Amino acid sequence: MIIKRPPAIPSSEITPEPVYRARRQFMQQGLALVATAAGVGAAPNAVAKPTFVTDTDVPSPRWLKQKLVSAAADTTALADKLTPYQHVTSYNNFYEFGSHKEDPAKHSGSLKPHPWKVEVSGAADQTGVFNLEDILAKVQLQERVYRLRCVEAWSMVIPWIGFELGSLLKQFNPTSRAKYVAFTTLEDPQQMPAQRSAFSSVGWPYVEGLTMAEAMHPLTLLAVGLYGKALPNQNGAPLRLVVPWKYGFKSIKSIVKIEFTERQPPTSWNILAPNEYGFYANVNPAVDHPRWSQATERRLPSGLFSPNIIDTQLFNGYHEVASLYKGLDLRKHY
Ligand SMILES: Nc1nc2c(c(=O)[nH]1)N[C@H]1C(S)=C(S)[C@@H](COP(=O)(O)O)O[C@H]1N2
Ligand SMILES: [Mo]
């Protein structure tokens with residue numbers, strides 16, 4: 001099925017910010033009432049249903065729609081204002097559909113995210129090819145509002161729906177030889193027009209990787225949705241990685257393979273320009289890109305007259321990951 005999208009989503013289809021906030025307060029009051037009635041404090045994760053939901057329909061199978069509404073709401077009160085749905089879904093990097101920001105939204109209608117299979121291989125007791133539906137049957141979906149900082153010095157705040165990568169990886173029983181996790185994006189020139197082009201800079205398939213400790217960190221997410229709905233194709237449907245303390249290029253889209261490896265796996269942007277893009281790619285305002293500063297970022301939406309420039313934070317503000325890099329020279333291992 002070809003998914004046709006309008007050139008721009010009319011603002012009437014986007015639930016305005018005040019409505020989200022009201023809904024959130026309502027949810028929190030509801031939780032308080034339930035807790036009082038039961039005479040016990042409810043676990044924060046017990047709040048069902050995502051808080052931030054777009055009215056825009058994203059075509060997806062019924063099983064996925066049902067699963068998405070079961071996601072536990074994000075109860076962390078992030079001070080950052082959400083980037084509106086329209087911007088999150090129309091300003092993208094997904095080189096398989098072209099290298100301009102508007103290309104993925106325009107040209108990703110040919111991607112067929114369902115049915116979808118993921119191959120799990122390498123240093124683990126359990127390996128094989130799994131249907132996305134079966135993978136999702138075994139995990140609890142959660143809403144997570146995260147900052148996304150692109151290496152190009154712009155950023156967004158996105159309410160993802162997903163699950164902890166670690167909760168999935170554990171199910172395969174990785175062996176002691178598993179030191180890294182490698183990820184691969186779909187390679188299918190029929191569905192991904194830029195893979196037919198001879199002028200593309202990145203090689204196909206797009207590949208990424210994490211250390212085992214990074215992959216098991218509770219902040220690391222596999223996302224299947226955003227704003228309460230399934231991932232639009234341009235955002236990496238049906239399954240993409242989200243590593244909020246690393247530059248956006250680590251958050252690989254439309255994943256078809258996960259492999260437990262002994263050696264550090266090759267990664268797409270590092271292959272292309274190793275002096276500009278490292279394997280770690282931790283957000284770091286003190287380590288500039290060879291061609292531009294990383295000290296600040298443009299928080300979207302950003303316009304000519306209100307560029308909305310803010311300071312970039314070490315690890316994109318997720319300071320709890322610092323312990324993963326103890327003793328590592330972040331200048332050398334950028
Ligand atoms: N397969 C694939 N994954 C990808 C990319 C890509 O070109 N191909 N771009 C990356 C980059 S550079 C960024 S900033 C994020 C953008 O995610 P978003 O479009 O959902 O905001 O996706 C990352 N994942
Ligand atoms: Mo990026």
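Biologist: Where is Y227 found?
Modeller: The model is predicted; local features need pLDDT of at least 70, side-chain atom pairs 80 or more, while totals for chains, interfaces and linings use all residues. Residues are numbered from 1 along each chain as written, chains are lettered from A and ligands numbered from 1 in written order, and side-chain values use heavy atoms, without hydrogens and water. Strands are DSSP runs of E, at least two residues, numbered from the N terminus. Y227 belongs to the loop between β7 (221-226) and β8.

Biologist: What is the phi of Y227?
Modeller: Y227 is not a glycine. Even so, its phi is positive, at about 50°.

Biologist: Which residue does a cis peptide bond join to A237?
Modeller: Omega there is about -5°.

Biologist: What is omega for the cis bond between L300 and P301?
Modeller: P301 lies in the loop between β11 (296-299) and β12 (309-311). The cis peptide bond joins P301 to L300, with omega about 0°.

Biologist: What is the volume of the largest pocket?
Modeller: A pocket is an open set of 1 Å grid points where a 1.4 Å probe fits, with protein on both sides within 12 Å along at least five of seven lines; lining residues have an atom within 4 Å of a point. Here the largest pocket has a volume of about 420 Å³.

Biologist: Which strand gives the largest share of its lining?
Modeller: The lining has 28 residues, with N93, F94, C150, G248 and F249 nearest the pocket centre. By class, 17 are nonpolar, 6 polar and 5 charged. The largest share, 4 residues, comes from residues 154-164, strand β4.

Biologist: Where does ligand 1 sit?
Modeller: There are 17 residues around ligand 1, and N92, Y95, E96, S251 and K253 come nearest. The shell divides into 8 nonpolar, 6 polar and 3 charged residues. Ligand 1 sits in the largest pocket.

Biologist: How much of the accessible area of ligand 1 does the protein cover?
Modeller: Start with the polar side-chain atoms: one of E96 lies 2.9 Å from a nitrogen atom of ligand 1, and an N or O atom of T185 is 3.0 Å from a ligand nitrogen. A polar side-chain atom of K253 lies 2.7 Å from an oxygen atom of ligand 1. On its own, ligand 1 has 540 Å² of accessible area, and the protein covers 99%.

Methods
Grid points are joined across faces, edges and corners, and a volume is the space filled by probe spheres set on the points. Ala, Val, Leu, Ile, Met, Phe, Trp, Tyr, Cys and Pro count as nonpolar, Asp, Glu, Lys and Arg as charged, and the others, Gly among them, as polar. A residue is near a molecule or strand if one of its heavy atoms lies within 4 Å of it. A polar contact is a pair of N or O atoms within 3.5 Å; within protein, one must be able to donate a hydrogen and the other to accept it, and residues adjacent in sequence count only if both atoms are side-chain atoms. Accessible areas come from the Shrake-Rupley method with a 1.4 Å probe; for residues, only the protein chains shown count as cover. A molecule sits in a cavity or pocket if more than half of its atoms lie within 2 Å of its grid points.
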